[in-house]
Amino acid sequence: MAKLNINGRIVEVDVEDDTPLLWVIREHVGLTGTKYGCGVAQCGACTVHVDGVATRSCVLPISAVEESEKIVTIEGLGAEKPHPVQQAWAELDVAQCGYCQVGMIMAASSLLAQNPNPSDADIRAEMTNICRCGTYGRVLAGVKLAAERMRG
Amino acid sequence: MSTISSLPAVSRRGFLGGGAAMAGAFAFGFSFPLPGRAVAQQAAREVNAWVVIQPDETVIIRIARVEMGQGSLTGLAQLAAEELDCDWDKVRFELVKPMANRSRDKVWKDLSTGGSRAIRGSQDYVRMGGATARAMLVEAAAQGWGVPASECRVSKGVISHPASSRSTTYGAVAGAANAIIPPTDITLKDPEDWTIAGQPLKRIDTMDKLNGSLVYGMDISMPDMLVAIPKACPVHGGKLKSFDAAAVSGMRGVKHVIKVDDETVAVVADTFWRAKTALDALPIEWDEGENARVSSADIAKMLREGLTADTPYVGNRVGDAKATLGGAARVIEADYSFPYQNHAPMEVLSATVRWTPERCEMWGPTQVPDAALDTLASAAGLPPEKCEVHVMRIGGSFGRRLFTDYVRMATLIAKQVPGAPVKMMWTREEDMVQGRFHPVTQCRLRAALDADGEVEALHMRISGQSIMAYMRPNIMTENGDPIMFQGLMPGGAEMAIGYSFPNLLIDHAMRNPHVRPGPWRGVNLNQNAVYLECFIDEIAAATGQDPLALRRKLMKNHPKHLAVLEAAAKGIGWDTPPEKGRARGLAQIMGFGSYVAAAAEVSVTNGELRIHRIVAATNPGYVVNPQQVDAQISGSFVYGLSAMLHGECTVKDGRIEQENFDSYTVMRLDEMPDVEVISMPSGGFWGGVGEPTIAVAAPAVLNAVFAATGKRVRNLPLKNADLNMS
Ligand code: FES
Ligand code: FES
């Protein structure tokens, strides 16, 4: 039995040690906002926060996750009120198919927590998630808008 | 709020798919909507097939084309709402299911979505649906008041009769409106008068994409559901010889190891990870067949032979190009090639099927709901009346789900596990290897120049793979595949060439390798635009002409093609030199009924290409949502430039070598150029938006690369070229 802290809730799951956090979140905890895109840490669709840091959950075995580590998924990020990144995304109509966007939003919110005033170059370097619909232009604009709002 | 309302219980009205989305509301929250929410809870009243109005004034517009990110869902809702004169803030949507379409005599016509046709292929009857509903609602109100309908007015869903100062609402008369005989003498609005259509409105299906609550096919969950992961012979056309189920059947969670069909095995387990772990451990033997040793080099050789082969299929002929080339003062010649590409949508293939001897249902993404229903029924061994496809929004598709191979596969698996919902999920690796690939082609171009450098003749020989020969043999003509010549046809409203040459020959030698091809966003326009537009640039360079000046000369009989090119050139500032170290390139083409052009500005430093800016101009006739057209163009450039820069699926030992994004590299934010979109709808025709512009990004950049380096990259992707200046 592994114990996890997901979105502020302690959950117990009975899974094999090598099960990636992604599949624990999706299939055992039942939160499907976090997506599978590649399974090899390439695309970022599976991004969650582990103690605030954007983490690709598809390659993180559950055995490497401690109960003390706070995992936040998209369902937890905007639970109380929409995160400024989500608001910026809505305002700029960033999403196309939307499949990559949860990962994008998790990556962007973590980036802004660490760097409240990122330059274009910072954003281009840090946001390495894949979007096959090609929303990159609006993602860039969305991060900047959210940063502006968060700085107040 | 979410498609979950149809999972698994069929919503009360049977034919309603999907859920209703809030327009404008920012409804975030942790909770998932309950089944049957929104649509089914009120006595929703159907005015006609397209419009349902609830007593609380919610307007539900039925969407009969598939939404996979392209935004047509919102565009179609705008068109219907425009004619309906309803309050846009009250608009929700529902996705139409194919069984409903079938049982109502195809009242929603063709549900399939491809070829950039979602809007242009249905705008007339969708608008008519909205306009007819409006007329019926007004007539119902007028009859209630005993006044002529012509004396009534409508604004935002409120019907008034000014003469008697009475008013009512759509919601109040919707029930009575349903009984009104639909009028047939309706005139649609002039697009000049549009107030909802034509506006840069936000999508109405966004909110659940931002909080993770949108249930995609991959996310479906049902009580007692099992997960199946298939693996097919990696060499297309090969067979499954044997597998050792006993080696994995004791692994935790594994329920079944199944032969799906002659080429596929699947592990069925309680979760994805357990199914995948068992599948990876499953000993499988393949009979790889005659293509087991084929490599990319073999395929290239096969295509090269086609560059000079006789008896090709002629797509466009003017005068006698071959004779002119034979006697020309000067001939320039170049060979190009375009590799296999995988669609690689972010959401891999999946389908959830529940089969019993009496009924079979599928929940899952498809671009062709009607065909998916047929496939489901035939694989299930049941009449379509006992089947249903629950249509879903898709996490990207780009053409891959025009095929229903995976629907058949999921059904054959579910049939072996009667009664249980089985979610078949592909791994990214399976999705990459079992794609329906952008076909491979090569092209030899030869131009005859007279003593003054004027083009007397052009011969363009395309050699390579036909999508339709594999996908739809029934539309092949006796000579070949008519869609090979996208963008190169003599005329017509769909894909006409924008140049006039005194002598012209464009022909195709079909060479079909065993790798399965499919329509990939832009289809054959992608390579045709690279071949033609880069070679026009080669002619300009060989004759010392400015690429724009040469095109102006050759395009004078093609004003619509030229207009978008001029706009893109002006946008990039073609008349003034770029800043030092930068260079520019142009390209134009017509496809999917639209005229498109691009101008790119690049720099190459130490062999590294950087694309700074691309200006895109498009004339799609009409624009229903300008900000979504922007998104489509910018997004299609990412897709097209990804292929041009990195995309390449190579074949070794008969199989595709690239299995994931670590080897099939795609563009990310760091490479994204600034994209400026010039939308210049002229009216008078309806062209597509999702695909055409993709084709001009690559040649515009390649031409700019030549301008920057003097190097002509003729074989894609560009990553294989050395851009260092020697
Ligand atoms: S699914 Fe984890 S990075 Fe792609
Ligand atoms: S919005 Fe479709 S993959 Fe990013």
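Reader: How many residues of domain 1 of chain B are in contact with domain 2 of chain B, and how many residues of domain 2 take part?

Author: Please keep in mind that this is a predicted model. In chain B, 30 residues of domain 1 are in contact with 24 residues of domain 2. The domain assignment of chain B gives domain 1 as 3–210, domain 2 as 217–289 + 349–425, and domain 3 as 296–340 + 437–720.

Reader: What area do domain 1 of chain B and domain 2 of chain B bury between them?

Author: The size of an interface is often given as the accessible area lost when the parts come together. Here, domain 1 of chain B and domain 2 of chain B bury about 2100 Å², and carbon and sulfur atoms carry 60% of it.

Reader: How many salt bridges does the rule find across the interface of domain 1 of chain B and domain 2 of chain B?

Author: Side chains of opposite charge can pair when their charged atoms come close. The rule finds five salt bridges across this interface between domain 1 and domain 2 of chain B. As an example of a salt bridge in chain B, R393(B) pairs with D208(B), with 2.7 Å between the closest N and O atoms. Polar contacts are counted separately: there are seven such residue pairs between domain 1 of chain B and domain 2 of chain B, both residues being at pLDDT 80 or more.

Reader: Which elements give two or more residues to the side of domain 1 of chain B that touches domain 2 of chain B?

Author: They are β5 (91–96), α2 (98–103) and α5 of chain B. The largest share of that side, five residues, is supplied by α2(B). Sorted by class, the side of domain 1 of chain B that touches domain 2 of chain B has 13 nonpolar, eight polar and nine charged residues.

Reader: Let us turn to the two chains. How many residues of chain B are in contact with chain A?

Author: The contact takes 66 residues of chain B and 58 residues of chain A. Between the two chains, about 4900 Å² is buried, and carbon and sulfur atoms give 57% of this area. In chain B, the residues that lose the most area to chain A are W273(B), M346(B) and L669(B), which together account for 17% of what that side buries.

Reader: Which residue forms a salt bridge with E16(A)?

Author: That residue is R252(B), and its closest N and O atoms to those of E16(A) are 2.9 Å apart. Across the interface of chain B and chain A, the rule finds five salt bridges. It also finds 33 residue pairs in polar contact there, both at pLDDT 80 or more.

Reader: Which element gives the largest share of the side of chain B that touches chain A?

Author: The elements of chain B that each supply at least two residues to this side are α5 (207–210), α6 (272–281), β19 (421–425), α11 (428–433) and α16 (626–645). The largest share, 10 residues, comes from α16(B). By class, the side of chain B that touches chain A has 32 nonpolar, 17 polar and 17 charged residues.

Reader: How is chain A divided into domains?

Author: Chain A has domain 1 (2–77) and domain 2 (84–151). The centres of these two domains of chain A, taken over C-alpha atoms, are separated by 21 Å. Their contact takes 19 residues from domain 1 of chain A and 13 residues from domain 2 of chain A. The area buried between the two domains of chain A is about 1300 Å². The count between them is zero salt bridges, while eight residue pairs are in polar contact, both at pLDDT 80 or more.

Reader: Where in chain B do R120(B) and E494(B) lie?

Author: The side chains of R120(B) and E494(B) meet in a salt bridge, at 2.9 Å from N to O. This pair links distant parts of the chain, 374 residues apart: R120(B) is in the loop between α2 and α3 (123–145) of chain B, and E494(B) is in the loop between α12 (467–471) and β22 (503–510) of chain B.

Reader: Which residues does a cis peptide bond join?

Author: The cis peptide bond joins L716(B) and P717(B), with omega about 0 degrees. P717(B) lies in the segment after α17 (694–709) of chain B.

Definitions and conventions
Residues are numbered from 1 along each chain as its sequence is written. Chains are lettered from A and ligands numbered from 1 in the order in which they are written. This is a predicted model: local features need pLDDT of at least 70, side-chain atom pairs count only at pLDDT 80 or more; totals for chains, interfaces and linings use all residues. Side-chain values use heavy atoms; hydrogens and water are left out. Contact means heavy atoms within 4.5 Å. Buried area is the accessible area (1.4 Å probe) that two parts lose on being put together, summed over both. A salt bridge is a side-chain nitrogen of Lys or Arg within 4 Å of a carboxyl oxygen of Asp or Glu. A polar contact is a pair of N or O atoms within 3.5 Å; within protein, one must be able to donate a hydrogen and the other to accept it, and residues adjacent in sequence count only if both atoms are side-chain atoms. Helices (H or I, at least four residues) and strands (E, at least two) are DSSP runs, numbered from the N terminus. Ala, Val, Leu, Ile, Met, Phe, Trp, Tyr, Cys and Pro count as nonpolar, Asp, Glu, Lys and Arg as charged, and the others, Gly among them, as polar. Domain bounds come from an automatic or database domain assignment.
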